[in-house]
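Let's take a walk through a protein model, one piece at a time. Have the sequence and the 3D view ready.

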Amino acid sequence: MSGGVDSSVAAALLHAQGFDVVGATMKLFCYGDDVPDKPCCSLDSINDARRICESLGVPHYVLNLESSFGHDVVDNFVSEYAAGRTPIPCVRCNTFTKFRDLLRKADAIDAAYIATGHYARVVNGELHRGLDQAKDQTYFLWGIDRAVVSRMLLPVGHQTKAETRDVARALGLIVAEKVESQDICFVPDGDHTRIIRQRLGDDAPALARGPIVLADGRVVGEHAGHARFTIGQRRGLPGGFAEPMFVVAIRPESRAVVIGPREALLGRGVIARDMNWLVDRPAVGAVVQVQVRHRAPPAAAEIVRLDAHEIELALDEPVAAITPGQSLVLYDGSRVLGGGFIERSGAGRPQLPVLAAGRASLTGKPNGQA
Amino acid sequence: MRTPVYLDHAATTPVRPEVLEAMLPFFGARFGNPSSSHKWGREARTALDEARERLARCLGANPDEVCFTSGGTEGDNLAVLGMWRARRATRRAVVTTPIEHKAVLAAVHEVAREGGEQRLVEVDAAGLVRAASFDALVDDTVALCSVMWVNNEIGVVQDVAALAEVAKARGAVFHTDAVQAFGKINIDARSTPFDSLTVSGHKIGAPKGIGATYIRRGTPLEPLMYGGSQDQGRRPGTENVAMAVGLARAAELAVAEREHEWTKLETMRDALEAALLARIPDAVVHGRGGPRAPHILNISVPGTDSESLLMALDLQGVACSSGSACQTGSVTPSHVLTALGVRSDLGSAAIRLSLGSLTSEEGIARVAELFPALIDKARRLSGMAG
């Protein structure tokens, strides 16, 4: 329980349904003096979660998962940026911290289920998108162990965010009007370079000046660290080009940020690694829908290559800003098939004509929650 | 759920009925301000003076040597910072132990921040201060030594008389945090040469928010706060008459029952310890090698973690802790066990069971059954043979 409205309502709904609820808040990092008070994960949030549980008459515990979260999530976040990729820490937190480490704590008290305030659903032991399409969070949940799905309870996934707030108001929960957190919890001020600097030092190459180049290698400007950029970003790029320019690649070995026009952003295929399947692994040739960013519209694709480590898909229509480090999630309708971490764009099917791309919505936020 | 078992008396205790009864008039008709000159004021002043005298008798002190505070943290801060600031011009070092309560340790860190020098004495594996180390550290630059009488996590009892003698001989003042010692150890300022000593009400059946610090006559002290002349200016602010009365009553009861209470708690603690060690032979009892207060049992079982065990115990109605409670309620490694050289995996498995007024033989018997069962389960889950 983060102390937010979703997990609070989840606990209240389960309690009302007669479940024997035990509240838990994960303490995931040190609340230093320099961390400004923010809506998520602060001390106040722990207190809110405790008060919700008190009002429901159920126990509440604060579980210290700082050490494993630091290793599994924060270290990886930093090393991904150092490698010129755009990490998605919420996925690793769900995979390792919530639905593995926290589950072990649940085992210790004989809890049959683990419930969260995620907008997703479990239907017949399979993971499905949340009913509220605008709030669906399955993009962050593909990495959990398939065997865990049947132990998940996701009560708010069956309603809209507005309905969740209505329930909170109807129950008189103190968090009913609480603002939603938008940032990564351990980057409360939205400045992810701070934690990179903390971990890797002021002279980290990812934060050092480097060239802004065109695809042909021509230097057109300078940047203050490639970790400040993500694929598809426009902010912080030089002007003066005939058409809008976007970050199309990051080359950590030369610290170069490569920019190009919108067409250069389009990928016709996608290659991902570290695949996790929540259903039986599909076969090459299967046609699925894929999502390469949080809140991106699903795109039709065909699996053209698949082994234990890697998947390659050909997209029916080009997709913009396929970003190494972000998630590739495969769907069949609302059903989540599995996912992986994007390695790079793929070649797609060269025999097909290139179709005009729709104007994809792009965002500079690393986890796409903006 | 069966009758809950409260084994966290080192964290806090319930207010005793006698104490509540003694306080009630001061929440009602006898509400006066002790500084007022009228009837209501005189009434309150008399009650406060009597409370101070009664508490002084419990400590072997003169009434003017007793300063009422809000509790242990304020008392330790007043003693450490107040006495150091008063002597810093001639002596700037402070000697303390690495196993103090944070109320002392953080005050000593503040001393260091203000230009003082912090010296930590060595403790042995049982938590006892090494006399040779203390002897070596206390020289003529030391303003103040602070050594807690009974440790709140493991219960180790320090030889306060001997350490205070050494400090005195070198011209240092000696403070002891006696929050866990009061009511367990015989405390007498006439026979033990400490210069200041802190007690807290809520550990002995008085409410939270009241405590007292003994300050020997003639010991220089700078106040932490400024305002009126209450308590000789050492602690300005309108006195908490009701709770001072409550603290005096609780202290009298604790002193009167001290020896009986020691025997009773020690018998139950030792029975629990023996039962747990019999069922869990590889369990480690911290501080076992040294003299221990009778109300604390701190135990670690390899292959378990305190966080999960505390949850499981609480869900079965058994309240205990992993050491000292942290603000968030989350479990962090104990600085006390770390200072004892306890392996980190054992440190993160530590459970502190602390006995007191609510402890019964039935409760102890229940925990003696339940605890090993939960350990077996935790070890099965962690894949370790029980």
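This is a predicted model: local features need pLDDT of at least 70, side-chain atom pairs count only at pLDDT 80 or more; totals for chains, interfaces and linings use all residues.

Residues are numbered from 1 along each chain as its sequence is written, and chains are lettered from A and ligands numbered from 1 in the order in which they are written. Helices (H or I, at least four residues) and strands (E, at least two) are DSSP runs, numbered from the N terminus.

**The seven-stranded sheet of chain B**

- Chain B has an open sheet of seven strands, in the order β2-β8-β7-β6-β5-β3-β4, with mixed pairing. Two strands pair if DSSP finds at least two bridges between them.
- For angles, axes are lines fitted to C-alpha atoms (for helices over the stretch in contact), and the values run from 0 to 180 degrees between N-to-C directions.
- Inside the sheet, β3 (residues 93-96) and β5 (residues 142-146) of chain B pair in the parallel sense over four bridges. Pick out Val94(B) there: its bridge partner in β5(B) is Leu144(B).
- Helix α6 (residues 160-169) of chain B lies across β5 and β6 (173-177) of chain B, and runs at about 155° to β6(B). Contact between two residues means that their C-beta atoms, placed from the backbone, lie within 7 Å.

**A loop residue in chain B**

- Look for Asp188(B) in the loop between β6 and β7 (196-200) of chain B.
- Is Asp188(B) buried or exposed? It counts as exposed, because it has 12 C-beta neighbours inside 10 Å. The cut-offs: buried is 20 or more other C-beta atoms within 10 Å of a residue's own, exposed is 12 or fewer, and partly exposed is in between, with C-beta atoms placed from the backbone.
- Asp188(B) and His109(B) are 79 residues apart in sequence and 29 Å apart in space, C-alpha to C-alpha.

- The axes of α7 (residues 241-279) and α11 (residues 361-381) of chain B come within 9 Å and cross at roughly 20°.
- That's why α7(B) and α11(B) are roughly parallel to each other (under 35 degrees is roughly parallel, over 145 roughly antiparallel, 65 to 115 roughly perpendicular, and the rest oblique).
- Residues of α7(B) that meet α11(B) include Met268(B) and Leu272(B), and those on the α11(B) side include Ile364(B) and Phe371(B).
- The residues of this contact of α7(B) with α11(B) divide into ten nonpolar, no polar and two charged. Here Ala, Val, Leu, Ile, Met, Phe, Trp, Tyr, Cys and Pro count as nonpolar, Asp, Glu, Lys and Arg as charged, and the others, Gly among them, as polar.
- α7(B) also lies across β9, β10 and β12 of chain B, at about 15° to β10(B).
- Those strands form an open sheet in the order β9-β10-β12 (chain B), with antiparallel pairing.
- In that sheet, β9(B) and β10 (residues 296-300) of chain B pair over two bridges, and Val285(B) stands opposite Ile299(B).

**Where chain A meets chain B**

- The contact takes 13 residues from chain A and 13 residues from chain B.
- On the chain A side, β2(A) gives the most, with four residues.
- By class, this side of chain A has nine nonpolar, one polar and three charged residues.

**Strands of chain A**

- β2(A) is mostly covered, with five of its five residues buried.
- His60(A), Val62(A) and Asn64(A) point one way from β2(A), while Tyr61(A) and Leu63(A) point the other way.
- Five bridges join β1 (residues 23-27) of chain A to β2(A) in parallel, and Ala24(A) stands opposite Tyr61(A).
- β7(A) and β8(A) form a hairpin with four residues between them, and Gly217(A) in the turn has a positive phi of about 95°.
- Gly210(A) stands opposite His223(A) in β8(A).
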